[in-house]
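Subject: Structure for you to look at

Hello,

Here is the structure I said I would pass on. Please open it first, then read the notes below it.

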Amino acid sequence: MAARGAERVSVLLPTYNERDNLPLVVWLLARTFTDSGIDFEIIIIDDGSPDGTQEVARQLEKIYGSDKIVRKLFLFPSGTAYIHGMKYATGNFIVIMDADLSHHVRLDFMYCGKQKEGNFDIVSGTRYKGNGGVYGWDLKRKLISRGANFLTQVLLRPGASDLTGSFRLYRKEVLQKLMEKCVSKGYVFQMEMIVRARQLGYTIGEVPISFVDRVYGESKLGGNEIVSFLKGLLTLFATT
Amino acid sequence: MTKLGQWLCGLALLGSAWAALALAPPGLQPPAPLRQALLPLPVYLLVAFGCYSLATVGYRLATFNDCEEAAAELQGHI
């Protein structure tokens with residue numbers, strides 16, 4: 001069993017217009033990790049934000065040091081930021097999360113706890129089990145979420161309760177393997193990762209997470225999103 | 001096999017079993033009461049599944065946690 005000190009967690013943060021949220025997320029992450037004594041690095045992958053996010057990232061690098069903050073500029077279609085960011089990750093575990101404070105960072109160390117507990121290949125945050133949940137969602141959004149999840153469970157029987165959540169911890173080799181195999185983008189990409197992981201026999205642990213509606217900035221769940229979700233779901237249904 | 005493949009196989013299996021029993025030629029028909037129940041069975045199952053879906057989604061919708069403390073804690077941290 002590897003000594004605690006030899007392990008490192010790389011956090012991949014794709015950003016777009018997150019100049020307000022970014023310092024908070026980084027601060028919360030840094031504090032959580034140092035409090036639990038886990039070695040970490042944060043890789044900020046920016047999609048050419050026009051609001052000065054990159055400048056904020058540059059300043060953060062100065063504050064925390066360039067072994068802790070790695071900045072990348074990458075103009076990407078949704079989902080492929082991770083592939084790019086992963087090339088620079090030096091940790092043996094990789095955390096994927098949102099930079100808009102919708103994922104409650106306190107739970108980061110719970111991940112490491114859960115991962116150690118079951119030696120899981122993947123630890124997935126779920127909003128639908130335990131005391132996981134959401135805050136700031138109106139009834140319509142909750143209904144769509146539950147409905148979509150129900151459909152997903154019926155069609156794909158994935159063995160995980162939250163497929164579209166994007167707060168997860170992966171072993172580095174597992175993530176690399178999955179990246180090679182996954183072809184979709186956006187929400188569907190997250191779903192495909194779990195489905196393929198099941199197929200390849202990886203173990204998945206679940207941790208309840210709280211999804212708090214954006215502190216700063218806007219969220220999007222329009223008709224387009226729903227349509228592309230359905231298309232993706234059906235594609236996965238027919239191809240996996 | 002893909003999920004779609006599994007569904008098609010399952011449906012084909014159940015479908016042929018149902019057709020064999022419910023639409024059999026006069027010589028091989030099962031007793032009348034059984035046939036009467038069998039014929040509308042697919043529709044019943046569909047409706048039952050529909051009700052189950054509505055109930056499940058409704059239940060899950062109602063029990064969808066609102067994490068007030070998490071939000072408050074987050075604000076506190078900030």
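Chain A and chain B bury about 2,800 Å² between them, and 69% of that area is on carbon and sulfur atoms. Buried area is the accessible area, taken with a 1.4 Å probe, that two parts lose on being put together, summed over both. This is a predicted model, in which local features need pLDDT of at least 70 and side-chain atom pairs count only at pLDDT 80 or more, while totals for chains, interfaces and linings use all residues. Residues are numbered from 1 along each chain as its sequence is written, chains are lettered from A and ligands numbered from 1 in the order in which they are written, and side-chain values use heavy atoms, with hydrogens and water left out.

The two chains

In chain A, the residues that lose the most area to chain B are Arg146(A), Phe150(A) and Phe237(A), which together make up 24% of what that side buries. Contact (heavy atoms within 4.5 Å) involves 35 residues of chain A and 26 residues of chain B.

How many salt bridges are there between chain A and chain B? The count is 0, where a salt bridge is a side-chain nitrogen of Lys or Arg within 4 Å of a carboxyl oxygen of Asp or Glu. Polar contacts between chain A and chain B come to 4 residue pairs, both residues being at pLDDT 80 or more. A polar contact is a pair of N or O atoms within 3.5 Å; within protein, one must be able to donate a hydrogen and the other to accept it, and residues adjacent in sequence count only if both atoms are side-chain atoms.

On the side of chain A that touches chain B, the elements giving two or more residues are helix 1, strand 6 (133–135), helix 5 (139–156), strand 9 (210–212) and helix 8 (223–239) of chain A. Helices (H or I, at least four residues) and strands (E, at least two) are DSSP runs, numbered from the N terminus. Helix 5 of chain A provides the largest share of that side, 11 residues. By type, the side of chain A that touches chain B has 18 nonpolar, 11 polar and 6 charged residues. Here Ala, Val, Leu, Ile, Met, Phe, Trp, Tyr, Cys and Pro count as nonpolar, Asp, Glu, Lys and Arg as charged, and the others, Gly among them, as polar.

Ser145(A) is one residue of helix 5 of chain A. Is Ser145(A) buried or exposed? Ser145(A) is buried, at a relative accessible area of 11%; buried means under 20% relative accessible area, exposed over 50%, and partly exposed in between (1.4 Å probe, protein chains only). Apart from its neighbours within four places in sequence, Ser145(A) is in contact with Arg127(A), Tyr128(A), Trp137(A) and Phe64(B).

The two domains of chain A

The domain assignment gives domain 1 (1–101) and domain 2 (127–165 + 173–239) of chain A; such bounds come from an automatic or database domain assignment. The C-alpha centres of these two domains lie 22 Å apart. In all, 17 residues of domain 1 of chain A are in contact with 13 residues of domain 2 of chain A. The two domains bury about 1,200 Å² between them, 64% of it on carbon and sulfur atoms. Across this interface there are 0 salt bridges, and 0 residue pairs in polar contact, with both at pLDDT 80 or more.

On the side of domain 1 of chain A that touches domain 2 of chain A, helix 1 (21–36), helix 3 (81–86) and strand 4 (93–96) of chain A each give two or more residues. Helix 3 of chain A gives the most, with 3 residues. That side of domain 1 divides into 8 nonpolar, 5 polar and 4 charged residues.

Salt bridges

Over all chains, the whole structure has 9 salt bridges. One of them joins the side chains of Lys68(A) and Asp39(A) at 3.4 Å, N to O. Lys68(A) is in the loop between helix 2 (53–64) and strand 3 (69–73) of chain A, and Asp39(A) is in strand 2 (residues 39–46), 29 residues apart. Lys68(A) is buried, at 18% relative accessible area, whereas Asp39(A) is partly exposed, at 30%.

Arg71(A) forms a salt bridge with Glu61(A), and their closest N and O atoms are 2.6 Å apart.

Regards
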